[in-house]
Amino acid sequence: MRPQSKLVPERTRAFTVVELLVVVAIIAMLAALLFPVFSRAKNVAKGTACLSNLRQIGQGTLLYMGDNDDLFPYMVDSGDRAEPGQWASYPDFMADIPQIPLVQDLLQSYTKSREIFRCPSDTGTAVIDDLDPLVAFLGSPSDYATFGSSYFYRTKLTILHETQTSLAKPAEADLLYDAACHWHGAGGEMLLDDSLEAAADKRRQYRYNTLFADMHAKSLTNDQFGSGFAQD
């Protein structure tokens with residue numbers, strides 16, 4: 001009887017160090033190319049969710065106005081509470097600010113949840129960046145967590161007892177907007193010790209997600225946003 005031959009398995013070939021380094025380098029190159037794409041896509045998604053929030057708040061605002069003779073809500077935002085002196089030219093209103101309801105509190109019964117007052121890109125603030133000079137406004141880790149809302153209100157609509165029909169161009173008048181425009185734009189966060197030149201340079205690169213008085217919402221550059229305030 002012939003003895004059975006033993007089959008010797010072929011030796012498995014392993015990667016060399018050079019081949020492993022090449023694979024690692026390729027993966028690193030792909031990651032460097034794809035991560036910025038993923039990051040931009042994520043930021044776009046957050047911006048879209050923020051605009052959706054503003055539209056929902058707009059619908060709640062319309063419901064409120066329907067119950068109140070078409071008047072824009074008698075409310076203030078957290079920036080008004082932090083810096084009432086910005087309304088010194090309206091002393092009676094300024095004195096009443098501590099008693100006037102905040103945006104998210106007044107509209108709560110007209111909106112689905114408080115979560116719509118949270119911008120997904122809200123990373124907090126150090127200052128109120130649309131005031132000159134800059135005013136400290138510390139929202140950490142986010143404005144929503146600190147103040148209950150990521151958005152500021154066009155408070156002058158309340159002061160002047162405006163309605164949609166009393167505005168010359170409601171589709172161009174700002175109603176609600178991001179409390180900080182670096183959330184959706186480049187330029188970096190505005191800081192209290194920024195020089196006038198540094199602050200101006202940052203503002204040029206900022207964007208505001210904005211709800212207008214006709215209740216449509218869109219993303220604006222800083223120049224576009226400023227033109228809305230010029231409707232006063």
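**Salt bridges, strands and buried residues**

Me: How many salt bridges does the structure hold?
Reply: This is a predicted model, where local features need pLDDT of at least 70, side-chain atom pairs count only at pLDDT 80 or more, and totals for chains, interfaces and linings use all residues. Residue numbers start from 1 along each chain as its sequence is written, and side-chain values rest on heavy atoms, with hydrogens and water left out. Taking a salt bridge as a side-chain nitrogen of Lys or Arg within 4 Å of a carboxyl oxygen of Asp or Glu, the structure's total is five.

Me: Which residue forms a salt bridge with Asp 105?
Reply: Asp 105 is partly exposed, at 41% relative accessible area (buried is under 20%, exposed over 50%, partly exposed in between, with a 1.4 Å probe and protein chains only). The closest N and O atoms are 3.1 Å apart, and the partner is Arg 114.

Me: At what N to O distance do the side chains of Asp 132 and Arg 203 meet?
Reply: Asp 132 is exposed, with a relative accessible area of 59%, whereas Arg 203 is buried at 14%. Their side chains meet in a salt bridge, and the N to O distance is 3.2 Å.

Me: How many residues apart in sequence are the parts that this pair ties together?
Reply: Helices (H or I, at least four residues) and strands (E, at least two) are DSSP runs, numbered from the N terminus. Asp 132 sits in the loop between strand S1 (125-128) and strand S2 (135-139), and Arg 203 in helix H7 (residues 196-203). The pair therefore ties together parts whose separation in residues is 71.

Me: Are Asp 194 and Lys 202 buried or exposed?
Reply: These two form a salt bridge, with the closest N and O atoms 2.8 Å apart. As for their cover, both Asp 194 and Lys 202 are buried.

Me: Which residue in S6 stands opposite Thr 210?
Reply: Strand S5 (residues 207-212) is mostly covered, with five of its six residues buried. Strands pair here if DSSP finds at least two bridges between them; strand S4 (residues 174-178) pairs with S5 in the antiparallel sense over three bridges, and Thr 210 is the bridge partner of Tyr 177. S5 also runs antiparallel to strand S6 (residues 217-221), joined by five bridges. There, the residue opposite Thr 210 is Lys 218.

Me: Which residue in the turn of the S5 and S6 hairpin has a positive phi?
Reply: The hairpin leaves four residues between its two strands. A phi of about 75° belongs to Met 215.

Me: Which residue's backbone nitrogen does the side chain of Ser 150 reach?
Reply: Ser 150 lies in the loop between helix H5 (143-147) and strand S3 (151-153), and is buried, with a relative accessible area of 0%. Beyond four places in sequence, Ser 150 touches residues including Phe 117, Asp 122, Tyr 177 and Trp 183, where contact means heavy atoms within 4.5 Å. At 2.9 Å, its side chain reaches the backbone nitrogen of Cys 119.

Me: What separates the C-alpha atoms of Val 103 and Phe 152?
Reply: Val 103 belongs to helix H4 (residues 103-106) and counts as buried, at 2% relative accessibility. Among its contacts beyond four places in sequence are Met 75, Phe 117 and Leu 176. Val 103 and Phe 152 are 49 residues apart along the chain, and their C-alpha separation is 8.3 Å.

Key. A polar contact is a pair of N or O atoms within 3.5 Å; within protein, one must be able to donate a hydrogen and the other to accept it, and residues adjacent in sequence count only if both atoms are side-chain atoms.
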